[in-house]
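My notes follow the order in which I looked.

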Amino acid sequence: MAQTPQAAYHIHISSKHRLLNLNLKEVWQYRDLIALFTKRNFVVSYKQTILGPAWILLTPIFSSVVHAIVFNGIAGIGTDGVPTFLFYLFSNAIWAFFSSCVTSNASTFTENAYVFGKVYFPRLTTPISNVISAMIRFLIQMALVMLFMIFFLIQGTLHPHWEAWLMIPVELLHLGILGMGFGIIVSSMTTKYRDLSVLVDFGISLWMYATPIVYPLSTLDEGWIRTVVQINPVTSAVEMLRYAVLGQGTLHWGYYGLSWVVSLAVAVIGIMIFNKVERTFMDTV
C-alpha cells in the first residue's frame, strides 16, 4: 500500500532576524503552548489560597465598595446617573484587565528565564497567554456585572447602548495591545535594571488616577487636567466601554483615534525591543 508522503517540517533557529518580526505563523503553530501557559497562570495565581478563583469576583466587589464609600459617599463625586456600585464594579473590572496585562508582562523575562534558557519556542507566546488570562478574568467579572445589570434594568435605572456592545471585543483588543506593549517594554528593560520592576505597581496606581476609573470624565472641567486625561490612551477605551455597557460615556473621536495610534505605536516599539533583548537576555538576567 502506497504511503502518503508527509510534508517536511523545519524550524530554523537564529539570533539574526528583523526587529519587527511577529512570526505569527509560528506563534499559531504553538497555540497549544499558549493554552498551557494560560492554564499555568491560573494555577500559579490561586495555588495555596483559601478561596482560590473566588478572588476573581471578590476583589472587584471589595474595591467597588471602598471606592463607592470614599469617592462617591465622602468626596461626593457623581457617576453620571449610573447606579454607584455598578459604575465602580464595571470600572474596576476594566482597570483590572488593563493593569494585569501590564504587570503580568512586565516580568516576562525574569519569571520565565528558567524556561527560555532551556528550550526554544516563540517568546511572544508568553505575553499573549498573559493577555488571554487577563481577558478570561475580565469575562468572569463581566458575568457578575451583568447580574447587577439585570437588577438595575428591572428597576429602570440603567440604559445601556446595546448597539455599541459590538465595540466591547474591539476595546478589549485595544487595551490588550496597549497593556502588552507597555508590559514587554518594561520586561525588556528589567533584564538589566531590576529596580524598575519596583516602580511598576506604583506607576500603575498613579496611572489609574490619571484615567477616569473612580470618576467619570464628565466631572472634569475644561482645562489642562482634562486634556491630559483625554490624551491618556486608556481613557478613550474606558469611556467607550462605559458608553456601551452603562449607557454613559464621554466620547471624543479625535482622542479616540489618537489612543489607537499610541497603542499600536507602543506595541510596535515593544515588539522591536522584545525581539532585540530576547537574543542576549540570558547573559544579563
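**Notebook: a side chain and some rings**

I began with a polar contact of 3.3 Å, which joins the side chains of Asn92 and His67. I take a polar contact as a pair of N or O atoms within 3.5 Å; within protein, one must be able to donate a hydrogen and the other to accept it, and residues adjacent in sequence count only if both atoms are side-chain atoms.

I noted that this is a predicted model, where local features need pLDDT of at least 70, side-chain atom pairs count only at pLDDT 80 or more, and totals for chains, interfaces and linings use all residues. Residues are numbered from 1 along each chain as its sequence is written, and side-chain values use heavy atoms, with hydrogens and water left out.

Next I looked up where Asn92 sits: in helix H4, residues 84–105. Helices (H or I, at least four residues) are DSSP runs, numbered from the N terminus. Asn92 counts as buried because its relative accessibility is 9%; buried means under 20% relative accessible area, exposed over 50%, partly exposed in between (1.4 Å probe, protein chains only).

Then I turned to the rings. Rings of Phe, Tyr and Trp (its six-membered ring) pair if their centres lie within 6.5 Å; planes under 30 degrees apart count as stacked, over 60 as edge-to-face and the rest as tilted. I found 11 aromatic pairs by this rule. Phe151 and Phe152 have ring centres 5.2 Å apart and planes at 75°, so this pair is edge-to-face. Phe152 is buried at 13%, while Phe151 is partly exposed at 46%.

Last, I noted one aromatic cluster, formed by Trp95, Phe98, Phe182 and Trp207.

Methods: Helix = DSSP H or I, 4+ residues; strand = E, 2+ residues; numbered from the N terminus.
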